[in-house]
Amino acid sequence: ASMLLPALNQAREAARRTKCIGQLRELGHAGIIYAGDNNGMLTVSWVAWPDGNEGQPYYFWKDAVAPYVGDNNETAYERAMSKAPIFFCPNKDPQTGNSRSSYAENGFLSNGGWQTTSLASIKKSSKVILYAENTMHEWRVVPPTWGSAGNVRFEAHQNRANLVMCDGHVMTRTQSELYSPDQEYHFKND
């Protein structure tokens with residue numbers, strides 16, 4: 001029995017990684033459909049609340065795509081507080097902490113958070129991250145060259161992170177693959 005345990009754990013991790021990839025793919029498609037419904041503009045990482053909830057200053061990218069993935073809460077605030085499973089990697093418990101999502105938008109696409117980008121303006125959509133697993137923000141992911149250590153989450157899937165690109169396909173990368181100097185195209189729209 002003890003010989004089967006490592007194989008069973010590997011199979012469980014493969015299933016969680018596959019589910020995470022599927023969720024990111026669905027979120028990516030929702031973001032692209034959102035752009036189609038909004039004059040080609042992608043979601044913003046965060047903005048002030050559109051429905052005026054006092055004391056609740058932020059509206060996140062996930063609030064915009066929530067209706068496209070079946071989260072039908074009526075107000076942006078209700079969507080933001082939602083613990084809808086699609087917004088959480090299977091390796092992260094949505095009931096712990098105050099996080100509203102395991103995933104975040106590429107901070108370069110919204111100029112740090114509050115401006116939007118046209119999907120048509122992205123020159124290499126298959127090489128630019130739309131959403132990725134994240135460690136500390138629920139609203140944006142950034143590379144380490146952006147004044148931080150970078151906040152893409154690698155530890156969830158055996159030192160690999162799942163990413164959905166602006167064309168809707170999902171890829172998995174190690175930290176060295178994603179953050180190497182010649183790979184920064186993953187974040188920037190150059």
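Trainee: What makes confidence a topic here, and how does the chain score?

Mentor: The model is predicted. Its chain has an average pLDDT of 78, and 72% of the residues score at least 70. pLDDT is the predictor's confidence in each residue, on a scale from 0 to 100. By element, the highest mean is that of β6, at 92, and the lowest is that of helix α3 (residues 76-81), at 60.

Trainee: Which strands make up the open sheet, and in what order?

Mentor: Five strands form it, in the order β5-β3-β4-β6-β7, and the pairing is mixed. β5 and β7 (170-174) are the edge strands, because each has a single partner and one side of each is left without a neighbour in the sheet.

Trainee: How do you know that β3 and β5 pair, and in which sense?

Mentor: Two strands count as paired when DSSP finds at least two bridges between them. Strand β3 (residues 103-106) and β5 have two bridges, in the parallel sense. The partner of E105 in β5 is R140.

Trainee: What makes β4 and β6 a pair, and β6 and β7 another?

Mentor: β4 and β6 run antiparallel and are joined by three bridges, with I129 bridged to M165 in β6. β6 and β7 are also antiparallel, over five bridges. In that pair, R160 is opposite T174 of β7. The hairpin of β6 and β7 has four residues between its strands, and G168 takes a positive phi near 100° there.

Trainee: Why is β6 described as largely enclosed?

Mentor: Five of its six residues are buried, so β6 is largely enclosed by the rest of the structure.

Trainee: Why is N162 called buried?

Mentor: The cut-off for buried is under 20% relative accessible area. N162 has 0%, so N162 is buried. Its place is in strand β6 (residues 160-165).

Trainee: What does N162 touch, and what makes its pairing with T172 a polar contact?

Mentor: Leaving out residues up to four places away in sequence, N162 touches R17, C20, I21, L24, A132, E133, H157, M171 and T172. A polar contact needs N or O atoms within 3.5 Å, one able to donate a hydrogen and the other to accept it. The side chains of N162 and T172 make such a contact at 2.8 Å.

Trainee: How many salt bridges does the structure hold, and why does the pair R16 and E13 qualify?

Mentor: There are five salt bridges. The cut-off is 4 Å from a side-chain nitrogen of Lys or Arg to a carboxyl oxygen of Asp or Glu, so a value within it qualifies. R16 and E13 meet at 3.6 Å, N to O. They are three residues apart in helix α1 (residues 4-37), so about one helical turn separates them. E13, R16 and R17 are linked in a network of salt bridges.

Trainee: What makes R153 and E133 a salt bridge, and what does the pair tie together?

Mentor: Their side chains meet at 3.9 Å, N to O. R153 is in the loop between β5 (140-141) and β6, while E133 is in strand β4 (residues 129-133), so the pair ties together parts 20 residues apart in sequence. Both R153 and E133 are buried.

Trainee: And how do you know that R160 and E177 form one?

Mentor: Their closest N and O atoms are 3.6 Å apart. The pair links distant parts of the chain, with R160 in strand β6 and E177 in helix α4 (residues 175-179), 17 residues apart. R160 is partly exposed because its relative accessible area is 27%. E177 is partly exposed as well, because its value is 34%.

Trainee: Which residues have the most contacts inside the largest nonpolar core, and which elements supply it?

Mentor: That core has 39 residues, and those with the most contacts inside it are L27, W61, F87, Y131, V152, L163 and L178. The elements giving two or more residues are α1, α2 (61-65), β3, β4, β6, β7 and α4. α1 gives the most, with six residues.

Terms used
Residues numbered from 1 in each chain as written. Predicted model: local features only at pLDDT ≥ 70, side-chain atom pairs only at ≥ 80, totals over all residues. Heavy atoms only, no water. Buried < 20%, exposed > 50% of the residue type's maximum accessible area, 1.4 Å probe, protein only. Contact = heavy atoms within 4.5 Å. Core = buried A, V, L, I, M, F, W, Y, C linked by side-chain atoms within 4.5 Å.
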